[in-house]
Amino acid sequence: MPLSTPRQRALAAGTLLLVLAAVVTALSGHDGWSIALSAVVLGATAVAVLDLRHRQRALSRRQRRLEQALAERDASHTTQLQTLGRAVQETTAALAELREEVHAEAEAAAARHGETAWRLTRLDHEPVTEVQALLQLLRRVPDAPPLPDLGGWALSASTILAVWDVVQRDRPAQIVECGSGSSSVWLGYAARAAGAGRVVSLEHQADYARQTRAMLARHGLQDVVEVRHAPLTEVEVGGQTFRWYDPVRVEDLHAVDMLLVDGPPKSTGPLARYPAVPLLGDRLVAGAGIVVDDAGRPDERAVVERWVKDGRVEHERHLSRDAVLLRIPRPGGGV
């Protein structure tokens with residue numbers, strides 16, 4: 001270790017002088033003085049060694065303190081970097097979630113725009129057509145109490161009139177309706193007039209199911225139409241997951257002759273009405289009629305095309321501008 005301080009250099013110089021003096025004294029024959037000087041040299045050397053060790057320990061302590069400070073600073077920097085990393089991850093996740101929400105809202109807005117445009121295209125002749133259909137319906141229930149409104153979210157008058165004619169012709173013993181409401185009342189009247197069997201209407205909203213039951217009671221149709229509360233639940237069809245009426249609520253239904261598909265609502269998700277035929281397929285008899293409302297909308301068109309492509313149904317005809325009539329194929333072909 002180099003002599004870096006004045007004190008250390010002075011001790012070294014003094015020790016060297018004492019060594020030289022001891023050597024000279026020894027050579028001149030003064031042994032006593034030589035021994036004394038040697039003792040002083042040894043003492044000075046011991047002092048120098050002790051001083052050096054003291055300074056080494058001081059430097060070691062300073063080095064440890066410096067290393068500790070550096071370690072604490074590194075730990076602090078690591079903590080800050082970890083905190084910053086978590087903040088970046090949280091911000092990235094929040095931005096991704098916001099992007100998904102914006103995308104979903106944009107899709108919903110586009111769908112609303114498309115449906116509004118679709119409904120506007122029907123205004124050229126729809127009012128007259130619907131009034132004519134409603135007048136024909138009213139003549140079929142002359143003594144009925146005030147009847148529920150048609151059109152809007154409910155089936156149109158022209159669709160109800162066409163469905164009534166299908167019921168009159170086919171006389172189905174078991175009718176299942178997906179989505180209850182005004183159509184449930186008219187379907188009940190049609191079934192009673194045809195001498196057909198019963199109607200089971202599936203409704204996912206408990207309050208709306210109670211309202212429909214009350215409406216049926218006012219018309220004395222509770223013995224013809226049964227409204228079942230069937231909450232929407234996740235079902236798997238063809239490897240895809242949909243939200244559809246709880247399948248447990250239809251387990252007791254067999255030999256269904258007619259199916260009216262007017263639910264679940266479009267807001268449930270893409271192709272919301274697709275599960276109807278796959279899940280009820282083994283309960284639908286050969287030749288059973290399937291009425292699909294809102295058949296002009298893109299989702300419902302895609303649903304019908306998929307059923308037809310899968311060979312589950314065959315297209316028979318359009319019932320109205322809103323609805324189509326399909327059939328479960330009969331053995332040997334034909335509808």
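**Exercise 1.** Does Tyr-274 count as buried or exposed, and at what relative accessibility?

*Solution.* The model is predicted, so local features need pLDDT of at least 70 and side-chain atom pairs pLDDT 80 or more, while totals for chains, interfaces and linings use all residues. Residues are numbered from 1 along each chain as its sequence is written, and side-chain values use heavy atoms, without hydrogens and water. Buried means under 20% relative accessible area, exposed over 50%, and partly exposed in between (1.4 Å probe, protein chains only). Tyr-274 has 3% relative accessibility and therefore counts as buried.

**Exercise 2.** Classify the pair formed by the rings of Phe-242 and Tyr-274.

*Solution.* Rings of Phe, Tyr and Trp (its six-membered ring) pair if their centres lie within 6.5 Å; planes under 30 degrees apart are stacked, over 60 edge-to-face, the rest tilted. Here the centres are 5.7 Å apart and the planes stand at 40°, so the pair is tilted. Phe-242, at 6% relative accessibility, is also buried.

**Exercise 3.** Classify the pair of Trp-244 and Tyr-245.

*Solution.* With 5.3 Å from centre to centre and 75° between the planes, this pair is edge-to-face. Both Trp-244 and Tyr-245 are buried.

**Exercise 4.** Which charged end sits over the ring of Tyr-274?

*Solution.* The criterion requires NZ of Lys or CZ of Arg within 6 Å of the ring centre and within 35 degrees of the ring normal. The charged end of Arg-306 sits over this ring, 4.1 Å from the centre.
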